[in-house]
Amino acid sequence: MAAQRKVRSDKYTELVNAGLGRDLAKRLGLPQPAVLRRWTPGAPLVQGPILVVGHSDGADAVATALLSWGQDVRRHATPKEKVGAVVLVLDELAHPDQLSGPLLEVGAALRDLNRNGRVVSISRQPGAGDAPETAAARNAVDGIMRSLAKELRAGATANGVLLGGGTAVNAPSALSALRFFLSARSAFVDGQFLTASSDGSPATPDWDRPLDARVAVVTGAARGIGAAIARTLARDGAKVIAVDVPAAGDRLAAVANEIHGTALQLDITATEAGARILDHAAQRHGRLDIVVHNAGITRDRLLANMDPARWDSVIAVNIGAQLRMNQAFLASSHFADHPRIISVSSTSGIAGNRGQTNYAASKAGVIGMVRSTAPLLAERGGTVNAVAPGFIETAMTAKIPFATREVARRLNSLQQGGQPEDVAEAIAYFASEASAGVTANILRVCGQNLVGQ
Ligand code: NAD
């Protein structure tokens, strides 16, 4: 199996995490980004006991689920005992007055949260039918978790699971989202929410090889984030078809060989791209289960200076090709066994970015497409979601001039750029069986970038 890649850390983060550099940064009050804990085989889910805060039956049910995963669970904080995570269960919230008790309990526990610790809330999604007090209380959780994420230090994160509709607090879908947020797989996901809109699959997941025997296609797999996605899906057990343009053929072959997958040279803007992928998958594996739309390009220009070639090529690669390929996949009987589609959007598609009207149009377009495609996937027991990366350390971002790059990578709560593997881990979560019931989500992998939500 593919070896774990060396993490590309920025020099500044290395410097302020050792010896003189650490002391100097502390004295000068400079940012001190933590070295984030990332997934490694066999490592514990969290580093230390998990404190479950909340007094509902739901809180007891979550504690029971965590025990069944072999976790060390506490229902009350033990003075001076370090904890690896705090899970805040607020499934019965009906009024903002009910927040202070559990929140102050969490606040007191934060002093004993280990490095790279986790705080995860589980609460109900506000809905139009809620009484005003209930809606206020439920929506308050949004503000709490996004603020807490900005307060935590030392690589710790705060994220939330939202229960949509009648989803049970200990439904497989909700627990899978909780597990993702607790784990090192979500290292660069901070201040975000995942919505579990239905209970999901009751089958017991294989947490070590969650994609065993599933067949996945990854576009733009020759380098950068796409190569990391291909490696991560293969690590999790999938048979991977790596797609990229013929000009990237050598690099594509190298990635495919490394992960014992297959390479398919293809320009995804070709009319027959979907059919070519389906043929390749059907011939080799008899089916296609997971589609990752990762290939993407930028052709930046202020709108005042935009030309048709720049505009059209970005729309064609980043959204037009995805729409056309999805039509082909959804018409195929080979893509019918609780399939998964995961698209790569961008924080530019959420918050906008100067010089990127074309790119932001395509990436916001991806978000619209994901939401409207969800019912079509649901008919086959499938899901469709998107990840929206922020600043990720890739060849693309390495080309940004030094000063701009340095500012861009620090402008988030974790004060550093993410790794391609961080995006890949979120995609692998959406690709997994355990995430059934988690659909139409747009998950930012951005360390809680200060732009946008
Ligand atoms: P990259 O340029 O390193 O890799 C993109 C890959 O897509 C390349 O191998 C390229 O050959 C391939 N590709 C481009 N056009 C194609 C086509 N028509 N057909 C087939 N393959 C094609 O980019 P990256 O940084 O790894 O980004 C991957 C995705 O993540 C893109 O969708 C990008 O918009 C998105 N993204 C990246 C960042 C970041 O910080 N790097 C942030 C947000 C979103």
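This is a predicted model: local features need pLDDT of at least 70, side-chain atom pairs count only at pLDDT 80 or more; totals for chains, interfaces and linings use all residues.
Residues are numbered from 1 along each chain as its sequence is written.

**Exercise 1. Work out how helices α10 and α12 pack together.**

Step 1: find the helices. Helices (H or I, at least four residues) and strands (E, at least two) are DSSP runs, numbered from the N terminus. Helix α10 covers residues 308-330 and helix α12 covers residues 357-378.

Step 2: get the geometry. Two packed helices are described by the angle between their axes and the distance between the axes. Axes are lines fitted to C-alpha atoms, for helices over the stretch in contact, and angles run from 0 to 180 degrees between N-to-C directions. For α10 and α12 the angle is about 15°, and the axes are 8 Å apart.

Step 3: Angles under 35 degrees count as roughly parallel, over 145 as roughly antiparallel, 65 to 115 as roughly perpendicular and the rest as oblique. So α10 and α12 are roughly parallel to each other.

Step 4: check the hand. A crossing is left-handed if the near helix is turned anticlockwise from the far one by less than a right angle, and right-handed if clockwise. The α10 and α12 crossing is right-handed.

Step 5: see who touches. Two residues are in contact if their C-beta atoms, placed from the backbone, lie within 7 Å. On α10, the contact residues include Trp311, Ile315 and Leu323, and on α12 they include Tyr359, Val366 and Met369.

Step 6: sort by class. Ala, Val, Leu, Ile, Met, Phe, Trp, Tyr, Cys and Pro count as nonpolar, Asp, Glu, Lys and Arg as charged, and the others, Gly among them, as polar. The contact of α10 with α12 has eleven nonpolar, seven polar and two charged residues.

**Exercise 2. Follow α7 from the ligand to helix α15.**

Step 1: start at the ligand. A residue is near a molecule or strand if its C-beta atom, placed from the backbone, lies within 6 Å of it. There are 27 residues around the ligand, and Gly220, Gly224, Ile225, Gly296 and Ile392 come nearest.

Step 2: The shell splits into 14 nonpolar, ten polar and three charged residues.

Step 3: turn to α15 (residues 420-431). The axes of α7 and α15 come within 8 Å and cross at roughly 50°, which makes α7 oblique to α15. The crossing of these two, α7 and α15, is right-handed.

Step 4: look at the contact. Gly224 and Ile225 are among the α7 residues that meet α15, where the partners include Pro420, Val423 and Ile427. The contact of α7 with α15 has ten nonpolar, two polar and two charged residues.

**Exercise 3. Which residues other than glycine have a positive phi? Check His338 and Gln448.**

Step 1: know the background. Most residues other than glycine have a negative phi.

Step 2: read the angles. His338 has a positive phi near 30°, and Gln448 has one of about 60°.

Step 3: His338 sits in the loop between α10 and β11 (340-344), while Gln448 is in the segment after β13 (442-445).

Step 4: buried or partly exposed? A residue is buried if 20 or more other C-beta atoms lie within 10 Å of its own, exposed if 12 or fewer, and partly exposed in between; C-beta atoms are placed from the backbone. Gln448 has 24, so Gln448 counts as buried.
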